[in-house]
Amino acid sequence: MKIKELSRKNLNKALPLVWDVFSKYEAKNYSENGKQAFWNAIHSEEYLDSLTAYGAFDGKELLGIIATRKEGSHIALFFVDGAHQGKGIGRKLWNTVLAQNTSKTVTVHSSLFATPIYNKLGFVQTDDVQDVDGIQYVPMEYQKNIVVYVHGKGGSASEAEHYKQFFKEDVYGFDYKSENPWDAKAEFTDKFKELSHKYNRITLIANSIGAYFSMNSGIEKFIHKAYFISPIVSLERLILNMIEWAGTTEQELEKKKIIPVDLGDDLSWDYIQYVRNHKISWTVPTDILYGSADNLQSLDTIKEFCSKAPATLTIMDGGEHWFHTQEQMEFLDEWIRNINEAN
């Protein structure tokens, strides 16, 4: 099956399918005047000229059609042949429109028959059933939202795939390149500003140092809600611990500026000075998952952060900084499900 944009000529050829599906499934909820009004609309040259349409084809056979107007912000026609309904054709047509759409919001005047279908696609009803010229419809709206996953050190954007099962929204893995907070600040700000122009609501999932980079970047105004998994909330305390683990002192680091270590990044005086001079604050409603065996941030550090931020803390007994075992991942998954159900 292929999805193709329809020329004006091919849109005319699709009208018999539109009328056939309408007659079989939707016309029963229309008055005679409403049926005539719909017929007149789909045969109006001015109306058809205003549409951007896509068709789903199996070879030369047209299986379904979707058409929008108002620069893609309103669905005007959406019909799938009865013999091919329930096969995912409608969703593929919708996804095509969504991918091409620059509007943050898409509206539709849904028939009573199609309302449950639009609900499955993520639309919500915005008003009572309307009756205009004998045409009954349900005003509905789809808001383009996105979940952004920010990985930790050594992770990758591909980890976002795991979280797609929990959200109706698109889940995007942010493949950032920065390795320090000052470079990340510019990179994160640019990316989230770009996403804010395309989406109404951004949800953040951030892991480990990815949480710190996010908070340090000043992106709060773009974020609706956040999930932090084993977050680094005090990079200064982590660096101080690393200095101790390396068997050296702050004074020695200040003198040498860089001290190589066997494991992890080299210790840097400029790095710890940056962290001290750029205190983080966080005002986004956040749920935090923490493992009691986390060796990078103490429970006291996490609790101190939660006392200052609008954050809720869940602790997995025996959980590590890196959630990776089957038991740990099952706990993480259940944690997300419970939060989503509560919301």
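Start by selecting helix H1 (8-26), helix H2 (32-42), strand S4 (74-80), helix H4 (89-100), strand S5 (105-110), helix H5 (115-120) and strand S8 (135-143): each supplies at least two residues to the lining of the second largest pocket. Helices (H or I, at least four residues) and strands (E, at least two) are DSSP runs numbered from the N terminus. A pocket here is an open set of points on a 1 Å grid over the protein atoms alone, where a 1.4 Å probe fits, with protein on both sides within 12 Å along at least five of seven lines; lining residues have an atom within 4 Å of a point.

This is a predicted model, where local features need pLDDT of at least 70, side-chain atom pairs count only at pLDDT 80 or more, and totals for chains, interfaces and linings use all residues. Residues are numbered from 1 along each chain as its sequence is written, and side-chain values use heavy atoms, without hydrogens and water.

Highlight S4 next. It gives the most to this second lining, seven residues. The second largest pocket holds about 960 Å³, a volume being the space filled by probe spheres set on points joined across faces, edges and corners. Now pick Glu26, Phe78, Phe79, Ala114 and Tyr118, the closest to its centre among 39 lining residues.

Move to the largest pocket, with about 1,300 Å³ of space. Select Lys153, Ser208, Ile209, Asp265 and Leu296, which lie nearest its centre among 42 lining residues. Then show helix H7 (209-216), helix H8 (235-245), strand S14 (267-268) and helix H12 (326-342), the elements that give two or more residues to this lining. H8 has the largest share, five residues.
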